[in-house]
Amino acid sequence: MKPLPEPCSEHQKKSSDSAARREMPSVEAKAAPGNTELSAESPAQLNGFTVPPSVTGAASQTESHSPSHAPPLDIQPPREQWGGKYEFLLSCLGYCVGLGNVWRFPYLCYRNGGGVFLIPYFIMLFFTGMPLFLMELSLGQYGAAGPITVWKCCPLLKGIGIGMLCVSTLVCLYYNVIIAWTFYYLGNSFQSPLPWSCDASANAKFCNTTNTTISLSPSEEFWNDRVLGVRSSKGLQDPGPVRWELALCLLAAWVIIFLCMLKGIRSSGKVVYVTATFPYFVLIVLIIRGATLEGSLQGVAFYLTPVWERLANAQVWNDAASQIFYSLGIGVGGLLSMASYNKFDNNVIRDTLVITIGNCITSFFAGFAIFSILGHMAWRKGVPVEKVADTGPGLAFVAYPEALALLPGSVFWAILFFLMLFMLGVDTLFGNMEGITTAVLDEFPQLRANVKHKTLFLGLLCFGFYLMGLLLVTNGGIYWFTLIDSFSTSFGLIIITLFMCLGISFFYGVNQFCQDIVDMICHCPPWCTKVLLYFKACWVFCTPFLLLFILTYIFIEMYRTSLRYGLYVFPLWGKALGVCMGTVCCLQIPIWAIVAVSKESGTLKDRFQKAIRPLNSWRVNNLNSTTQEHHVEPERIDGPFTVNLTEVDFTAMAWESSEA
């Protein structure tokens, strides 16, 4: 493994040579309208060699006597950038800190040995989460492109970007339904008493302790009957009618997403100042309130009591790896897209450390807010904490609302809690939607240049998601929600991320990738290059191995266990449909690899080698993004035949032109 080169000072001197070696011509055109002449100060590239200005000057003089039929160079619309580094940090932090931090991590922690779970959790963070997070940020920032276009660094792997787009589409489809549920609960939270509390007269039969025939709690009844209507459906094959209250909430959710993303990162970058910070305020308030409640210490002890024997269980390590993987939002394209709007010299290593560690600390402290109040509810009911603990929607919309209903001033606490869930969901959806819109706008830059067309595209995209999401707000919508949730980010996403890691490490070249990172963070202190050596070892050895471990465990569990929602067992055809979702996502990799190879010429080996070579435009990044100049895509000057020229040839050409 080659040692990393010396930091920045020498890289700036070698940047043009490095670009030439990677086949990036340095031809630029003036920004003046209608001017298509090449700049004399930017040497042209011919078959990998630098053409002297005298040669290009002579050639241009010769060509000036004959009419030029070459089409004018297209001026690409300027790419947006974050208004400041804090906008990017808050956007990424809000994207990573989502509902899973609140409703999944605490449950996994108590189920997998309490405080012992933190050991595999942080091991997976340092060997899987951080390396993949840095890889996505670096790839997006260096290429200044979205999930699809960025693979001009290795056209063979373009299918990875298409697969990311498929996964992100599935996630956006069901994720906004959670926000719709949150809206519904938020609207009902303004009633006093809360409609899922025992104080409501309609819930008297559920709160009568002498009635042993009814085992449901008021919150379970409200969730299953009033919100979902799941009792009116027999399963996947019987979705039933659309529940119009939820349909209106879903429409409102998509309208908010549309308005917040209307101006791209210029609008969403400002929104995150509220949406990314408000959940922290609520968590702190809930922790303080929970600490004052009777029985809260019982809940916290249940959350953190270590069970050391659990470390020998493979499921504990798989749960830790999957939680790190999914909570950071790796492999969906959102991180890559948001990083593409960074300035070229942004320190991605620093951002990676801040965001990933901040995300994990948030998950840990969210457990105190959850279990302190659940401990109080268990104390009030006189039952063990495990009887009231739950995960996923069961925690957010059944167990925790019921616990909040027992507190004095329950209306205030319910409003605060569901506002927090709304902010968490919106931030995560921003990142997923940004992955989709950036990918499409980069592939069709004319949309980015025309504000009306861009607005129309975003509106049609949101409306299309709304129409597809109506299936998930029917009586049987929760079954379809569970199916998409279980398989959209399952084995397909792991395979996509595994190929991304292997492709960058072995096709693009891990040494070249590390060089690109050092080129970006010129003013990084010496510790950056040392940390980069650690990440380099992870990309080549540790991370692929751990991803294979997660993938193997997923396939084993998929074969051994059946998919359930409550007492309902999904039919075999439903499970097969979910497998097809994941398969379609990861099949994009071989399909587009075949397309890339078929576009090249020569033997199969030659085609493969050409398909893993970066395109000429790969290193045209946003180094000049701080200025307002419009730069033109570089023009590639190809010889009529495949010949190898030397500097002597160019010198001779210069002599002949001077003699003439």
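Two exercises with worked solutions follow, on a predicted model.

Residues are numbered from 1 along each chain as its sequence is written. Local features require pLDDT of at least 70 and side-chain atom pairs pLDDT 80 or more, totals for chains, interfaces and linings use all residues, and side-chain values rest on heavy atoms, without hydrogens and water.

**Exercise 1.** Classify the ring pair of Phe302 and Phe371, and state which helices hold the two residues.

*Solution.* Rings of Phe, Tyr and Trp (its six-membered ring) pair if their centres lie within 6.5 Å, with planes under 30 degrees apart counted as stacked, over 60 as edge-to-face and the rest as tilted. By this rule there are 54 aromatic pairs. For Phe302 and Phe371 the centres are 6.1 Å apart and the planes stand at 45°, so the pair is tilted. Because Phe302 belongs to helix H13 (residues 296-304) and Phe371 to helix H16 (residues 348-381), the pair ties together parts 69 residues apart in sequence; helices here are DSSP runs (H or I, at least four residues), numbered from the N terminus. Next comes burial, where buried means under 20% relative accessible area, exposed over 50% and partly exposed in between (1.4 Å probe, protein chains only). Phe302, at 22%, is partly exposed, whereas Phe371, at 2%, is buried.

**Exercise 2.** Find the residues with the most contacts inside the largest nonpolar core, and list what Trp254 touches.

*Solution.* A nonpolar core is a set of buried Ala, Val, Leu, Ile, Met, Phe, Trp, Tyr and Cys residues joined through side-chain atoms within 4.5 Å. The largest has 200 residues, and Trp181, Trp254, Phe397, Met433 and Trp539 have the most contacts inside it. Leaving aside residues up to four places away in sequence, Trp254 touches Cys172, Asn176, Leu429, Met433, Cys462, Phe465 and Tyr466, where contact means heavy atoms within 4.5 Å.
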